[in-house]
There are 2 protein chains.
Amino acid sequence: MTPFERRAREAQTRLADRGDDLLALFPSRNLFYATGFAEEPGERHLFFLLPATGDPVFFVPELYEEQVREASRVDDVRTWADDEDPTERLRAVVGEFDVGRGRVLVDDTMWARFTQDLRDVLPDASFGLASEVLAPLRRRKDDAELDAIRRASRIADRVVDDVRALGSDAVGMTEAELAREIERRLVAAGGDGLSFETIVGSGPNGAKPHHGSGDRIVEAGDPVVLDFGTRVDEYPSDQTRTVVFGGDPSAAFCEVHAVVREAQAAAVAAVEPGARAGDVDAAAREVIEAAGYGDRFIHRTGHGVGLDVHEEPYIVAGGGVELEPGMVFSVEPGVYVPGEFGVRIEDLVVVTDDGCERLNESERGWASPAT
Amino acid sequence: MTPFERRAREAQTRLADRGDDLLALFPSRNLFYATGFAEEPGERHLFFLLPATGDPVFFVPELYEEQVREASRVDDVRTWADDEDPTERLRAVVGEFDVGRGRVLVDDTMWARFTQDLRDVLPDASFGLASEVLAPLRRRKDDAELDAIRRASRIADRVVDDVRALGSDAVGMTEAELAREIERRLVAAGGDGLSFETIVGSGPNGAKPHHGSGDRIVEAGDPVVLDFGTRVDEYPSDQTRTVVFGGDPSAAFCEVHAVVREAQAAAVAAVEPGARAGDVDAAAREVIEAAGYGDRFIHRTGHGVGLDVHEEPYIVAGGGVELEPGMVFSVEPGVYVPGEFGVRIEDLVVVTDDGCERLNESERGWASPAT
């Protein structure tokens, strides 16, 4: 049995235990997790329909049939052609499951146009989200998953160390040029594309936590937030360093950097089985608040990382999720001074039987060799 | 008034005319179209709420506030913090619109987890899709939109001509290497990233219409499907050529290529205002059926192209959409011989007052200079 077949069986067991009737996935990480078929969401009707008991059905556009059969072990693949009405074909296929007034769990990221169609063909059903059964499975990573995340993290570590080593050679490049250089190196090191849009936030752009990269030129002494990742076997890395390429940064920045670094270390130290997500957030937040920057730490401390770069468990203030061995998440406190600079330091960690292991080990300071 | 403000006003007029009460967008092309704020979908609650009358509200995570204010001209931006329950905050904000038993149009690509929340906070409302008001606006491109698509198409034309000129130098490269080379050239020519996953389908891989690129090595005489695109000012290109790098292809391929090229020309010739989408599809399909390959043409003839690479109008068999000046779509018949090869030839066209204009003008034959 493949890992995918095993996961689909576990999902069926959970559906049956809960009294839910049907799981309906569309192209998503959930779909890959349960079937091995990886595809981007698109405007064509493509569903994986898994009943609580019995065999699953793939409902796919004709031109996907060969790929779906190759990637998954699902035998029952129904197709619809471009000149057919997919909603009417879907009505017939879904009708075979005899859901009636039952409960259907739809993929959390399923587009409204498709959930509207499912509601149309299942007018008496009630609806929930696929994560109700899949999130508990996906939250604890198995060895193969951990291995992929580890390999992706090692690539990101190597690239951030190499980019830091550019030192004053990076001064004069635009953020976008530096981002392309990072991306080129990720692929050269064996990464499969990017796990999210590369962030190179220099000077005041670093104060916008979701700034990508732009035309601003990196100057000597500028704090630069470098947040980027790649994938290995579908699993992502996610790590952040805040560095200075050549020149001396301001004293204000040096102080903030030290505070964020301490906060990050305190949060990592708080990770152990049985601790709550909120405990980890609090450990970081207390350090930053004590230093007087509490109102500049405007986001949560971290997020789970798996097939999705952002998934459970979320490391938020008051978060009640109990940490369990096998959970992987980011620890990434930050302080943002609008108009001046930002600092964020981020590592992935995996919860172990008696604490945690950091998956990123690249240098965390701000200095570059030529500074 | 910016184009974005003008479009939001037009959407309000349409909402009011239809008796609908509220448009709810989330990060999507629709959101960019109506506000100028471009962002990828994410797991945080971020909505643009546009009532039929009165002022719109942005409901965004705290860390997005600055970016949303910079990108849009919307004054009323409400934020929620990571330690708040966004659904409860949303309930309060949505409550101000007094929707009651009214009708809400949600973004077509809104994730189920967010539509479930809107249904939760608006238990008496009925729901439809945003495209009911936005698709008619987005279907006819204005001059600025056409200009962006034209510039993106010129970049793609230049790159496919340059890649074809590699001739036998491309023999021995893997599909993935050739894809990276194409992507490097798109960016060097001024393109902004990719408009979709680059397809390099060599030999039998060309018979899978949605194959990306893999480890297969391009050999002399192999038919290779090259389907790729980039963006300019958020608007995409989309074009396909099927070429042979060095060596002689099979006679079977040469025949199929000639049939597809003729079918593509026939379909383009059928484009004019007042014609139906189905007429264009039929023009291509008739040529391919007459040549005996009808069952190998397993997809529609084309799709609209705008902010979304796939949008209305869809050029499908029997499609009743009447073509209007300003519509932009692909014309891309194909023939796929499983286990052997595929052929697809694709240009974008814009409907003009008396016919159409092709937006791609690169060479359509299969030969490369060194063949």
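Okay, let's start with a network: in chain A, salt bridges link Arg241(A), Asp347(A), Arg358(A), Glu361(A) and Arg364(A). By salt bridge I mean a side-chain nitrogen of Lys or Arg within 4 Å of a carboxyl oxygen of Asp or Glu. Over all chains, that rule gives a count of 74 salt bridges.

Quick housekeeping. This is a predicted model, where local features need pLDDT of at least 70, side-chain atom pairs count only at pLDDT 80 or more, and totals for chains, interfaces and linings use all residues. Residues are numbered from 1 along each chain as its sequence is written, chains are lettered from A and ligands numbered from 1 in the order in which they are written, and side-chain values use heavy atoms, with hydrogens and water left out.

Now some single pairs. Glu311(A) and Arg138(A) form a salt bridge, with 2.7 Å between the closest N and O atoms. That one links distant parts of the chain, 173 residues apart: Glu311(A) sits in strand S13 (residues 311-315) and Arg138(A) in helix H6 (residues 131-139) of chain A. Helices here are DSSP runs of H or I with at least four residues, strands are runs of E with at least two, and both are numbered from the N terminus. Buried or exposed, what is Glu311(A)? Glu311(A) is buried, at 8% relative accessible area, and Arg138(A) is buried with a value of 8%. The cut-offs, with a 1.4 Å probe and protein chains only: buried is under 20% relative accessible area, exposed is over 50%, and partly exposed is in between.

Over in chain B, Arg78(B) and Glu96(B) make a salt bridge at 2.9 Å, N to O. Arg78(B) is in strand S4 (residues 77-80) and Glu96(B) in the loop between helix H4 (86-95) and strand S5 (103-106) of chain B, so parts 18 residues apart in sequence get tied together. Arg78(B) counts as partly exposed, at 21%.

Then there's Glu322(B) with Arg276(B), a salt bridge at 3.7 Å, N to O. Here the parts tied together are 46 residues apart in sequence, because Glu322(B) is in the loop between strands S13 (311-315) and S14 (328-331), and Arg276(B) in the loop between helices H9 (251-269) and H10 (277-290) of chain B. Glu322(B) is partly exposed at 40%, and Arg276(B) is partly exposed at 38%.

On to the interface. Counting heavy atoms within 4.5 Å as contact, 35 residues of chain B touch 35 residues of chain A. Together the chains bury about 3200 Å², 52% of it on carbon and sulfur atoms; that's accessible area (1.4 Å probe) lost on putting the two parts together, summed over both.

How many salt bridges cross the interface of chain B and chain A? The rule finds four, and Glu70(A) pairs with Lys208(B) in a salt bridge at 3.7 Å, N to O. On chain B's side, helix H3 (65-71), helix H5 (112-121) and strand S6 (126-129) each supply at least two residues. H5(B) gives the most, five residues. As for H5 in chain A, seven of its ten residues are buried, among them Phe114(A) and Leu118(A).

Chain B superposes on chain A by a rotation of 180 degrees with 0.0 Å of shift along its axis, RMSD 0.0 Å, using least squares on C-alpha atoms of residues with pLDDT of at least 70 in both. The two copies are thus related as by a two-fold rotation axis. In chain B, the C-alpha nearest that axis belongs to Trp111(B), 2.5 Å away. And the same surface serves both copies, with 100% of chain B's contact residues recurring in chain A.
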